[in-house]
Amino acid sequence: MSETRLLAIDLGASGGRAMLGRLSSGRGGQMITVEEAHRFDHGPIALPHDAGQTYHWDAVRLWDEVTTGIRKAAHAYGAPASIGVDTWGVDYGLIDASGRLLENPVAHRDARTAGMMARAFQRVGKEEIFRRTGLQFMDINTLYQLMAAVDQRSRILEAADRMLMMPDLFHYWLSGSKAVEYTDASTSQMMGAQSRAWDRELMAQAGVPDRFLPELVEAGTQVGTVRPALADELGLPGGVAVVCPGTHDTASAVVATPAEGDDWAFLSAGTWCLLGAEVARPYLSAEVLDAGFSNEGGVRGTTRLLRNITGLWLVQECRRYWRAQGKEYTWPELARLAADAPPFLAVIDPDDPVFAQPTRMPNAIAEYCGRTGQRKPETPGEFVRVAMEGIALTVRRRWDQLQRILGRELRVLHMVGGGTQNELLCQLVADALGRPVLTGPTEATALGNALMQGVGLGALDYADVRGVVRRSIHLKEYRPSPSGAWDDALTRLPA
């Protein structure tokens with residue numbers, strides 16, 4: 001039986017992994033499996049300076065983890081035919097004319113972008129920016145990060161020869177390619193939603209330079225091969241291809257969503273939750289703008305009409321705080337404690353700005369509840385329950401808005417990603433929606449990454465990608481437990 005080995009490097013905002021995909025042929029058609037070669041935790045690091053502090057990604061450490069993952073995979077499974085990297089969106093690295101990284105990339109949760117959106121609205125207009133880009137307004141978007149860098153008179157910008165989005169920075173280090181793949185670039189708010197090209201006029205109006213913008217390529221493009229000296233160092237043969245997947249992690253996750261028909265939505269659940277639908281064109285109406293939805297680039301000319309929702313970030317930060325206090329909780333333990341806690345003790349909006357930056361999260365949740373006249377959680381189980389119910393309620397609100405925008409009913413939610421391992425969250429989402437939730441694959445992003453590499457190598461037809469996923473995984477279904485309590489709780493969620 002023939003087999004194509006495809007190495008997916010999947011970097012999230014709180015952890016990364018190297019996953020070896022094995023694409024093979026069987027009686028029922030092609031199938032794929034993924035095996036973990038390497039996994040690690042990471043996060044933004046605050047570096048102090050005279051004006052305060054700045055949160056950075058440790059790119060050098062991340063590169064070391066990427067190469068460690070490649071070396072481990074090659075040793076355990078043999079050399080892959082190709083390698084591809086996906087990451088979170090909006091963040092970027094700047095390199096000079098010699099290809100040297102000018103500084104560790106600034107993390108999107110840094111506070112430097114405060115006030116930049118308002119300034120952009122003054123210069124261009126909110127409605128005009130949305131008409132051109134179709135993107136959800138978040139002050140973490142690349143446009144506002146660059147405006148902040150200009151405002152701080154950063155000399156880094158003056159020295160920059162290329163701006164590479166985070167996944168493309170790793171592709172550059174792997175192969176020398178200075179191209180940027182479309183799906184991740186589309187999160188920048190500097191792309192034309194309809195033209196699928198850089199909107200240089202918008203950038204000029206916003207006061208952002210464009211001379212360092214790179215070439216755009218589509219998912220499935222082979223951008224080069226692993227540098228010969230690097231291949232020797234990593235134990236790879238010559239000619240291992242570097243193929244762009246959908247480099248934005250949600251784009252890859254949607255590729256691997258095992259859906260059929262057009263009555264479904266997806267929820268990619270992790271640090272962030274991304275709820276949306278795959279559509280054939282951008283939706284640019286005032287209703288979409290008012291609802292805060294985003295038209296992000298998908299693979300093969302599609303658009304991901306979605307809304308970002310703060311996800312398990314709240315629980316991750318609670319756990320990190322408790323660990324610092326000497327109280328270590330496993331994820332299953334927190335889920336059990338939350339399941340035993342009383343429902344709807346308080347209702348919080350996980351997207352409230354008070355939860356956006358690294359903080360003492362239990363204190364932030366308690367203060368929010370006190371400020372809104374609600375009972376404050378007291379135990380770890382109560383904090384986690386309040387956080388997860390807030391996520392589920394926000395998913396319900398965005399689900400209702402998405403149906404109105406599309407003008408049709410959605411009957412099933414496909415939930416993918418690491419958040420599907422949290423069975424309580426999956427059940428809470430099903431209960432909040434009153435719709436069945438199908439979960440899997442857990443490693444949707446890595447699967448989608450590997451599958452698009454297979455498409456790029458000609459080993460797989462894109463039309464059969466979701467069929468490959470359905471043949472390869474087991475879906476778990478969560479049936480809703482009808483309760484009017486969710487409708488009541490929704491009325492308590494701030495508008």
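Predicted model: local features only at pLDDT ≥ 70, side-chain atom pairs only at ≥ 80, totals over all residues.
User: How is a pair of packed helices described, and what are the values for H15 and H16?

Analyst: Two packed helices are described by the angle between their axes and by the distance between those axes. Here the pair is H15, residues 380–406, and H16, residues 423–433. Their angle is about 40°, and the axes lie 9 Å apart. That makes H15 oblique to H16.

User: Is the crossing of H15 and H16 right-handed or left-handed?

Analyst: The crossing is right-handed.

User: Which residues of H15 and H16 meet?

Analyst: H15 brings Arg385, Met388, Glu389, Ile391, Ala392, Val395, Arg396 and Trp399. H16 answers with Leu424, Leu425, Leu428, Val429, Ala432 and Leu433. By class, the residues of this contact are eleven nonpolar and three charged, with no polar ones.

User: What lines the largest cavity?

Analyst: Its lining has 13 residues. Nearest the centre lie Thr133, Tyr182, Ala193, Asn295 and Gly297. Strand E15, residues 294–297, supplies the largest share, three residues. The lining divides into five nonpolar, six polar and two charged residues.

User: Which residues line the second largest cavity?

Analyst: Tyr92, Gly93, Leu94, Glu103, Asn104, Pro105 and Val106 do. This cavity holds about 50 Å³ of space. Four of its lining residues are nonpolar, two are polar and one is charged.

User: Let us turn to pockets. How much space lies in the second largest pocket, and which residues lie nearest its centre?

Analyst: The second largest pocket holds about 720 Å³. Its lining counts 32 residues. Phe137, Met138, Asp139, Asp351 and Pro353 lie nearest the centre.

User: Which elements give two or more residues to that lining?

Analyst: Helix H2 (116–123), strand E16 (303–310) and H15 do. E16 gives the most, with three residues.

User: How do the residues of the pocket lining divide by class?

Analyst: They divide into 15 nonpolar, seven polar and ten charged residues.

Conventions
Residues numbered from 1 in each chain as written. Heavy atoms only, no water. Axes fitted to C-alpha atoms, helices over the stretch in contact; angles between N-to-C directions. Helix = DSSP H or I, 4+ residues; strand = E, 2+ residues; numbered from the N terminus. Parallel < 35°, antiparallel > 145°, perpendicular 65-115°, else oblique. Left-handed = near helix turned anticlockwise from the far one by under 90°. Contact = heavy atoms within 4.5 Å. Nonpolar A, V, L, I, M, F, W, Y, C, P; charged D, E, K, R; others polar. 1 Å grid on protein atoms, 1.4 Å probe; cavity = no way out; pocket = protein on both sides within 12 Å on 5 of 7 lines; lining within 4 Å. Points joined across faces, edges and corners; volume = space filled by probe spheres on them.
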